[in-house]
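Hello,

Here is the structure you asked about. Please open it alongside this note; my findings follow below.

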Amino acid sequence: MRRERREGTPVGLAELERRAARGRDDDGRDRNALIVCDRLVRIFTADGVEVQALQGLDLLVERGELTAIVGASGSGKSTLLNILAGLDTPSAGAATVAGFDLVTMDAAARLRYRREVVGFVWQQAARNLLPYLTAAQNVALPMRLGGGRIPRRRRAERVRELLDLLGVGHCHDRVPERMSGGERQRAAIAVALANAPALILADEPTGELDSRAAEEVFTALRTVNERLGTTVLIVTHDASVASAVRRTVAIRDGRTSSEVLRRAALDEHGDEVVVAQEYVTVDRAGRLQLPAGFAERLSIRDRARVALQPDHITVHRDDSRDA
Ligand SMILES: Nc1ncnc2c1ncn2[C@@H]1O[C@H](COP(=O)(O)OP(=O)(O)OP(=O)(O)O)[C@@H](O)[C@H]1O
């Protein structure tokens, strides 16, 4: 049976770039939410012991955002990514990506979601690329499996365009063994983009690279975000990646705790500077977590004194027991 070409089927990188530019005409960002996680819970049971990997995580990512997720080991980053990738399901809470309900979708929708909506870049090159295929064949493979989303006659050209966009056009006919670590990861991004997904999930994509190759991979992800309008979510320990994106979300104990937003501004001499502002997540019940450093600095523990001011709230150390 021949599948109908759906409306919105990508026709080429040039067209995608035009769409991305249109989406940013007004204020630089598309306002639609792409990822919505609402009180997401994931409980694992191992040897009769329950581990709450996610404990009511809230996250909203708009279309076209480039976001880094950071957090200590065991904070729940991989658990979140596996759920967003459609590889795992949450124990409770709601998660939707591009209108797909990740909690209730059936096997057919899950398959479609993983083939068409989301692309992955994993830390280990071996998980991204098949070793016996060239870069071009690796990029073409998801197109063949993608149910005709990219028309057959467009595929070879699209493979070349994607590899060129990521600066690895020269690796077109090379197998992964004949590429550097950075080239492999950039080819992996091309594979992830093969079926023009709305979202790219990257799990420590620079984890196995030296700093120069890491910078190139990161620049490639930024190019994809800016030129194609693809939403990119990067899980990373790499402080240089985290500080180079507009939005960094921190996860602590299975919850989003705080985030840093960066924007360009002009200083008093008219020079461009990056201004970073820290925010905390406020859940539906009005709960918020103080950034760890703030609470430690003022020895705030167990209880804090708060006071409502006309346009802000003050938080003080609990001094009621000091007298
Ligand atoms: N399949 C599983 N079975 C049991 N416990 C699990 C499983 N997967 C994760 N966990 C536990 O859930 C918690 C969160 O793990 P997760 O892998 O999401 O953290 P992470 O932030 O990605 O850590 P890292 O940076 O070390 O990869 C940890 O306590 C972990 O031991």
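**Around the ligand**

β1 (33–46), β2 (49–62) and α2 (77–84) each give at least two residues to the shell around the ligand. Helices (H or I, at least four residues) and strands (E, at least two) are DSSP runs, numbered from the N terminus. Before going further, note that this is a predicted model: local features need pLDDT of at least 70, side-chain atom pairs count only at pLDDT 80 or more, and totals for chains, interfaces and linings use all residues. Residues are numbered from 1 along each chain as its sequence is written.

The largest share of the shell, three residues, is from α2. Surrounding the ligand are Phe44, Ala46, Val51, Ala53, Gly71, Ser73, Gly74, Ser75, Gly76, Lys77, Ser78 and Thr79. By class, the shell has four nonpolar, seven polar and one charged residues. Here Ala, Val, Leu, Ile, Met, Phe, Trp, Tyr, Cys and Pro count as nonpolar, Asp, Glu, Lys and Arg as charged, and the others, Gly among them, as polar.

Next, look at α7 (residues 181–193). Of its 13 residues, 12 are buried, so the helix is largely enclosed by the rest of the structure. Buried means 20 or more other C-beta atoms within 10 Å of the residue's own; exposed means 12 or fewer; partly exposed is in between; C-beta atoms are placed from the backbone. The cover over the buried residues of α7 includes β6 (118–121), α4, α5, α6 (152–165), β7 (199–203) and α8 (211–228).

Ile189 is one of the buried residues of α7. Leaving out residues up to four places away in sequence, Ile189 touches Val121, Leu166, Ala220, Leu221 and Val224. Contact means C-beta atoms, placed from the backbone, within 7 Å. The largest nonpolar core has 71 residues, and Ile189 is among those that touch the most other members, as are Ala187 and Ala190. Such a core is a set of buried Ala, Val, Leu, Ile, Met, Phe, Trp, Tyr and Cys residues joined through C-beta atoms within 7 Å.

**An exposed loop residue**

Tyr132 lies in the loop between α4 (125–128) and α5 (135–145). Tyr132 is exposed, because 10 other C-beta atoms lie within 10 Å. Tyr132 and Glu177 are 45 residues apart in sequence, and 8.8 Å apart in space, C-alpha to C-alpha.

**Whole chain**

The chain has 10 helices and 13 strands. Buried residues make up 36% of its 323 residues.

Best wishes

Terms used
Two residues are in contact if their C-beta atoms, placed from the backbone, lie within 7 Å. A residue is near a molecule or strand if its C-beta atom, placed from the backbone, lies within 6 Å of it.
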